Amino acid sequence: MTTVLCYGDSNTFGYVPETGLRYPKEVRYTGRLQQLLGEGYTVIEEGCNGRTTIYDDPIDGWKNGRDYLKPCLHSHRPVDIVTMMLGSNDLKTTFHLTADRIAAGVEVLVKDIRSHTAEKQGFIPKIILISPPEIGTGIRTSPFYGAFHERAIEESRKFPEYYRAVADRNDCYFLNAAEYIYPSDTDSLHLTPEGHKILAAKLAEMIREEL
């Protein structure tokens, strides 16, 4: 059995942009990925709304992605594949971060995955680093406007360049989600059911053909 751990934020959780609730398992990209990969795989969903890379949210400090990463890896071991899609929440105005600094935070997490698993489970899982979808151009009319401003749009477009460099330096596989999917018009942040479907298909293809 191959264990796939999907570590991410609200788009991994399956946040519904119209309601703030959660898509059903069969709609979420993680659930679809399980269906596509089949019985030889176990896909573990580890998405948390608002999760950052390595930064403490001043309101919800427990959403720092680094704090939970090692306990998560440890509790699910042995983990064979880790997909990680984080960084969008780091674009909130409260953090004042640029895409290159966010990618540096992602690299910290990648190194944590490699070092922790090498010690605790005896081997390093294959890592798929996913550059998140862009922030939508309609962010000004989003319910999340204020937490995110227009500057986040341009910074999100720089993610693929910096994330790919992190992947290359750390022996990761790389997927540029923005090449295939775009956030909902409702809030310019969260995926539509079609976006989840496409992302699942791309991940399944990568896992089957490259990993």
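I take helices (H or I, at least four residues) and strands (E, at least two) as DSSP runs, numbered from the N terminus. The model is predicted, so I note its limits: local features need pLDDT of at least 70, side-chain atom pairs count only at pLDDT 80 or more, and totals for chains, interfaces and linings use all residues. Residues are numbered from 1 along each chain as its sequence is written, and side-chain values use heavy atoms, with hydrogens and water left out.

Entry: the lysine.
I looked up Lys-92 and found it in the loop between strand E3 (81–85) and H4. Is Lys-92 buried or exposed? Its relative accessibility is 18%, which counts as buried (buried means under 20% relative accessible area, exposed over 50%, partly exposed in between, with a 1.4 Å probe and protein chains only). Leaving aside neighbours within four places in sequence, I list Asp-57, Ala-147 and Phe-148 in contact with Lys-92 (contact means heavy atoms within 4.5 Å).

Entry: the cysteines.
I searched for disulfides (pairs of cysteine sulfur atoms within 2.5 Å) and found zero. For Cys-6, the nearest cysteine sulfur belongs to Cys-72, 10 Å away. Cys-6 is buried, at a relative accessible area of 0%. The sulfur of Cys-172 has its closest cysteine sulfur in Cys-6, at 15 Å, which is too far for a bond. Cys-172 is buried as well, at 12%.

Entry: H3 and H4.
I then took helix H3 (residues 65–76) against helix H4 (residues 99–120): the angle is about 25° and the axes are 10 Å apart. Axes are lines fitted to C-alpha atoms, for helices over the stretch in contact, and angles run from 0 to 180 degrees between N-to-C directions. H3 and H4 are therefore roughly parallel (angles under 35 degrees; over 145 is roughly antiparallel, 65 to 115 roughly perpendicular, the rest oblique). The contact residues include Leu-69 and Leu-73 of H3 and Leu-109 and Ile-113 of H4. I sorted the residues of this contact into five nonpolar, four polar and four charged (Ala, Val, Leu, Ile, Met, Phe, Trp, Tyr, Cys and Pro count as nonpolar, Asp, Glu, Lys and Arg as charged, the others, Gly among them, as polar).

Entry: H4 and H6.
The axes of H4 and helix H6 (residues 159–169) come within 9 Å and cross at roughly 30°, so I record H4 and H6 as roughly parallel. Among the residues that meet are Ile-102 and Val-106 in H4 and Tyr-162 and Val-166 in H6. I get nine nonpolar, no polar and three charged residues in the contact of H4 with H6.
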